[in-house]
Amino acid sequence: MTGSLRDAGAQAVDLVPDLGPAWIVLALAPLLLAAVVLLTAGRWPTAPGHRSIRLLSVTAALASAVGVAGAALHRPEVAEPWIPGLGVWLRLGADGLSVPLLLLTSVVGVVAVALHLHVPERHRAAPPGEEGLETTSPIPVLRSTDVPGLATYHACLLLVVLGALVAFLAGDAILFFVGFELVLVPMWVLVARYGDPGSDRDGAAVRFLMVTVVGSTLMLVGLLAVATATGTTDLSVWASLRGEGIDRPTQIAVAAVLLAGLALKVPVFPLHTWLPWVHATAPTAGSVLLAAVLLKLGTYGMVRLVMPVVPEGFAFWAPLLGGLAVAGILWASLACLVERDLKRLIAWSSIAHLGFVVLGLATGTQTGLQAALFGNVAHGLISALLFVVVGGLKHRWGSADLAVARAALREATPSLGAALVLGMAASMGLPGLAGFWGEVGAIYAAWSPAEDRPGGWFGLYAVLAAVGGALTVAYSARVLREVWSGDRLEPRIPDAVRTERYALRLLGALILVLGVLPVLLLTVTAPVTAAVIGR
Amino acid sequence: MTLQLNLVATLPVLAPLLAAVLVLLLDAAVPGHRWPHLLVAGAGLAAGAAGAVPGLLQTTGDARAAFCLPSGECLYAADRLTSTLQLAGLLAAGVVLVLAWRDWSAPSATGRAAVVAALVLGATGGVVAVPAAQDLGSLLVALELATLPTVGLVVLTDDAWSGERRARAVEGATALLMTSLVSFGLVALGAALWVAATGTALLELPTSRDPALLLLASVFVLAGLAFKLSAVPFHAWTPVTYTAASLPVTAYLSTVSKVAALGAVVVLVRALGAVDGTTLLALALLAALSMTVGNLVALVQTDTVRLLAWSTVAQAGWVLLPLASLSSRAVHAAGSYLVVYVLGTLLAFTVVVAVADAHGAGASRSGSALAGTSLEAHRGLLRSHPLLALPLALALLTLAGLPPAVVGLVAKVVALRPVAGDGTWWLAVVAAVNVALGIAVYLRWLSRLLAQAPPVPSSLRQTAPARAASVGAGRAPDETDEPGESGEPGESGEPGEDLRAGAPEGPPERGPRTPVRVWALVAVLTLLVVVWSIAPVGVV
């Protein structure tokens, strides 16, 4: 059957015209144009309503997604000289490493842009005469309204997607860095301006920015060191050189700087403290993008900028990196068992899942790398789904505190409940869902790592990661028990609205498809993993 | 002994100096006028800039030389980098001249126009001469020519200022004078040691008989120059003088004067780079200290000028950073960074001047105690004056090195590259942390721009029926830290209205309209940043 499917697929692909670099332009230009238009919207004589704003930004995201799909099929290349003084080229193109992440970014981008913005209400003290009275909470507004600053909000979302696409498409180290940085200011605005006013959103936004900037500058230092040693910033040349001409001590130092910078972004265990706070504060769409796309920049950077470029340096640090990843898995899973804020809990679980990804990278085998790349995409889809659900719940409940008694989702909001069950099951790593392959692959690869890795340590890591997997089941069950099951019906909350339903169905379907047919993704990444590992 | 003059090559220096003399003569001939002086000053700067342009077109290795000795050495040589610095200095001086226009037109300043123009031109002539100096004598003279007139500029106060304010100006000028004297002493001592070490006052290819002595000499010279560049620990005068002087003069000090200081450091580093095996740990230390201290102190400032002053200290560290690796590429990197820094700072200062003008008049009317330059005066600027706020945001992002101001980012890359290439890891890590610190500094300002305007009218306008219906109903009327502009709930039933609800919050009238010349400056500088961000040509 797969044979005929493949034929049908090939025929469908043939129908798509090869527009060459126009695909890349189509992937990037709509986002930029729509963002610029939206940013100036506040100054128009008649301000646009929420419908036209959303229509414009969803159209832009869809057009960009079409462009990304075309670029993923035909893999065109753009190469124009950009900064002659530095020898930097505007080099854009997709390959097996970036195609899955590009598609993920597009899908999640469309979902994030389509979600309604709910302006969170600031907690208000009860008027003097009414203290102590139980008031019925108002029914939350779920559909879009003319929220002030809606145009800016959508512009920021589009810019974040644009920056991520540029970074994933970049074939030049400096261009990758520019894309990496392009994301920062819009994300800062999203958190600081549209975040949860109940928490310290300015603090969260600044913390996000500081941590990311320190990380990206460390990364830049490493990149510049490699650029000086090799005399070019072309990533494909770097990958083909495989660290030739860089002596071992320099490789170790460069890898340390690069990994430290990227580990702040991923985040890897002792550097993870910013993530739960930012996630708890960010608006739903911001959380979705942060978890599903921005964190991937870190792991993608490790695969693209560290592993093939300074292989000896990476091999030197790999045992430590694997250890930190496992520590992160255990620590985050334990935190999930006691965390009271549902959104923060999902953020902790992101740290655990990315721990599996980093562990897979650290093993240095092709299996590990494949598992890591798969886990990357799977986590992107699962965390996007979970944050859509949890963000919606937080808005409906008024907070995300698990200690407050709520209506059971199974009874009150069946479709949100079903999505939560699916997401949690995928997050547990149940077979048949996307989360399974990444985690099992990472544990397997850690059990039999590459020859130059200390086998004993990695065996221990495999065992500990498996324990972490069991903890994942435990905290997922805890969430489902506290939120989903039960028969309490009060206070009533409305079920998913149309955009949420569509978003959840799309993400859920992708999770199922990847879980059942992992080949779809593995065949895309297989050819490049061999090149990255280099054996 | 015949000296081969080549006066055409020295046009960038000669033109402003001649213009200065001409302005003074003109003032004696037709006293009481302002326009002729301005025109002559502008023409002098323009001629100087035009004279520097051919220098830009040279290929690397070439130099436009003048005052050549029979032995072949020249006392003045301008290669591409030097010409770039000269052009930047001259154009920046032109911008400052335009910014100071108001001082000309004020009735109190009648008769002072000639003095101010002559001082600016004289100092600029010195600034332009510094990077081209090829011997210690010219360097010393040019440095002092660049510095001493600025003392006069600082101390020339406005009659409209209060007595306390004028006293502060004198204090600032004294600080600047003392600093320049001390630094002159240090540089002179260094020069003496240099001559003792090499046996010549020429800077070209020093053949040292005593490397240790040469190093000592360069450390002394460097210390003297660090005063001018306001690098830590020689920075103490900077905040004092900056806040004491009038705004255009401060802009001059923080941009044009820095070109001179960096030019001198470049001259020194080039001379030292020719000597094998010397490294200047002192430069690395200066860079690391300057950026760290500058950023940390800037983080707590509440006044834009003070913030810019400390940001100058921090940016001085960034300018010095690439020089820690004494190479030709490093020298170019420092030059590129300086040009970008001058561009960003000038744009920021232009907007600060415009806001201070607008606010000053408005504040006196509404009785507000806020100074026009305070950070709070910029709150909600994006709503009230979007055409000023956006360029300012761009300038701040340039200084912070964040996209969409790609040129700032490229400058950071350029400055970091020699350090990363050398493998001076400790310095690279300090720089990385300072990028974050710097962003925190400029974001504090930026978030003020994005924030909601002062909510004075909103508490009055809050009406009971509007409270009940819409999403924003839960908001307290006194929320001031709300970056979103919805302080007040929109009228129910008119959803189109509340998008713009925040806009009228800005004070309806904020003093006089911003004059056309400031708009033109803002437009030109913004355009430069934008164009350079799209195509960062010329950055090496």
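Me: What percentage of the contacts in chain B with a separation of 6 or more is accounted for by residues 24 or more positions apart?
Reply: The model is predicted. In chain B, which has 20 helices and two strands, contacts with a separation of 6 or more were considered. Of these, the share from residues 24 or more positions apart is 75%.

Me: What percentage of the residues in chain B is buried?
Reply: A residue counts as buried if 20 or more other C-beta atoms lie within 10 Å of its own. Among the 540 residues of chain B, the buried share is 60%.

Me: Which residue of strand 2 of chain B stands opposite Arg64(B)?
Reply: Strand 1 (residues 64–68) and strand 2 (residues 74–78) of chain B run antiparallel and are joined by four bridges. In this pairing, the residue opposite Arg64(B) is Ala78(B).

Me: Which residue in the turn of the hairpin formed by strand 1 and strand 2 of chain B has a positive phi?
Reply: The hairpin of chain B leaves five residues between its two strands. Within that turn, a positive phi of about 105 degrees belongs to Gly72(B).

Me: How many Å apart are the end C-alpha atoms of helix 12 of chain A?
Reply: Helix 12 covers residues 284–306 of chain A, and its 23 residues should span 33 Å at 1.5 Å a residue.

Me: On which residue is the kink in helix 12 of chain A centred?
Reply: Helix 12 of chain A is largely enclosed by the rest of the structure, because 23 of its 23 residues are buried. This helix also has a kink of about 40 degrees. The kink is centred on Leu290(A).

Me: How much of the span at residues 170–448 of chain A is helix?
Reply: An unreviewed UniProt entry places the feature "domain: NADH:quinone oxidoreductase/Mrp antiporter transmembrane" at residues 170–448 of chain A. The end C-alpha atoms of this span lie 33 Å apart.

Me: In which helix of chain B is confidence lowest?
Reply: The mean pLDDT of chain B is 76, with 79% of its residues at 70 or more. Confidence is highest in helix 6 (residues 136–155) of chain B, at 88, whereas the lowest mean, 37, belongs to helix 19 (residues 464–469) of chain B.

Me: What ipTM does the predictor give the complex?
Reply: The predictor gives the complex two scores, a pTM and an ipTM. The pTM is 0.82, and the ipTM is 0.80.

Conventions. Residues numbered from 1 in each chain as written. Chains lettered and ligands numbered in written order. Predicted model: local features only at pLDDT ≥ 70, side-chain atom pairs only at ≥ 80, totals over all residues. Pairing = 2+ DSSP bridges. Buried ≥ 20, exposed ≤ 12 C-beta atoms within 10 Å, placed from the backbone. Contact = placed C-beta atoms within 7 Å. Expected span 1.5 Å × (residues − 1). Bend = angle between axes of the 7 residues up to and from the residue. UniProt positions renumbered as here; feature names shortened; annotations may be inferred. pLDDT = per-residue confidence, 0-100.
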